[in-house]
Amino acid sequence: MKLATWNINSLKVRLPHLLDWLAKHEPDAVCLQETKLENGVFPLKEIEAAGYRCAFSGQKTYNGVAILSRQPLADIAAGIPGFADEQKRVIAATVGANAQVRIVCAYVPNGQSVDSDKYRYKLQWLDAFRDWLAEEMKRSPRLAVLGDYNIAPADEDVHDPKAWKGQVLCSPLERNAFHRIVGLGLQDSFRLFTQPEKSFTWWDYRMNSFRRNLGLRIDHVLLSPELATRCKACRIDLDPRRLERPSDHAPVVAELEV
DNA sequence: ATGGCTGCTTTGAGCAGA
């Protein structure tokens, strides 16, 4: 089973990139973030024509998440139970016929800056997310939590740790929140394997950041213990970031023996 | 040097992203 996560930064603009990428890589399931589309205008026909079922939760302009799957999706649920939030940042679904995998697709708040209300919202959101994932772990031994976490877990995930020290995406409270999620038993699949130095998933559109590889690793595939033992590879696909009018994020793909 | 790109919006200059 091939699982992927990709913040596409507008599904409307990036639909051709997505369809090309699905045809080339044939992933079993893909988690998308920042679709920026209300459910009524989700490009369902185009994606179904590519061979994928869809679960989605969107809004205009901001946020919006979706799970695409070659197999039927079951038990679809949007949002974090008990956490009132108008922002569409979470969707979950179960995929696979017999060997079922529970997939959570998350778009963690950006936080803007560490002294902002948005940062406080980010930390509250992460607390609620963690508590809910603890329950999901009990329900689903095969749990995969994919998405844009907007957190670079360690300095090696940052092109310039000194410049980013204490900044949003790298601050100790955010990293602690990430490690509390990992502490549930969810492993950062990318770090299960030897990886190239300076591996990143996001590069600012400005300053030729991608060409200079000035990036951060903030998109992650976390796996429950049972899935982690079955994970055979995890890699970042840089190719879509090289296209004309790319998303500022690259997809992350994990391969599981499931 | 607080900008730099990009997508979006009651189509405009301003917000948000990271």
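This is a predicted model: local features need pLDDT of at least 70, side-chain atom pairs count only at pLDDT 80 or more; totals for chains, interfaces and linings use all residues.
I began with the strand order. I found an open sheet of six strands, running β5-β6-β7-β8-β12-β9, and its pairing is mixed. Next I looked up the edges: they are β5 (74–78) and β9 (187–188), each of which pairs on one side only. A reminder to myself: strands of a sheet pair through backbone hydrogen bonds, either parallel or antiparallel.

**Entry 2, β6 and β7.** How many bridges join β6 to β7? I count six, between residues 90–95 and residues 101–107, and the two strands run antiparallel. I also looked up valine 90, whose bridge partner in β7 is alanine 106.

I then turned to alanine 97, which lies in the loop between β6 and β7. Is alanine 97 buried or exposed? Alanine 97 is exposed, because 7 other C-beta atoms lie within 10 Å and the cut-off for exposed is 12 or fewer. I noted a distance as well: 41 Å separates the C-alpha atoms of alanine 97 and glutamine 112, which are 15 residues apart along the chain.

Which residues of α5 (residues 172–182) are buried? My list has Glu174, Ala177, Phe178 and Ile181. Looking down the axis of α5, I see the buried residues fall within an arc of 100 degrees, so they line one face of the helix. The spacing rule is handy here: an α-helix has 3.6 residues a turn, so residues three or four places apart point the same way. Last, I checked what the buried residues of α5 pack against, and noted α3 (117–139) and β12 (219–223). That brings me back to the sheet, where β12 sits between β8 and β9 in the order.

Definitions and conventions: Residues are numbered from 1 along each chain as its sequence is written. Chains are lettered from A and ligands numbered from 1 in the order in which they are written. Two strands pair if DSSP finds at least two bridges between them. Helices (H or I, at least four residues) and strands (E, at least two) are DSSP runs, numbered from the N terminus. A residue is buried if 20 or more other C-beta atoms lie within 10 Å of its own, exposed if 12 or fewer, and partly exposed in between; C-beta atoms are placed from the backbone. The arc is that of the directions from the helix axis to the C-beta atoms. Two residues are in contact if their C-beta atoms, placed from the backbone, lie within 7 Å.
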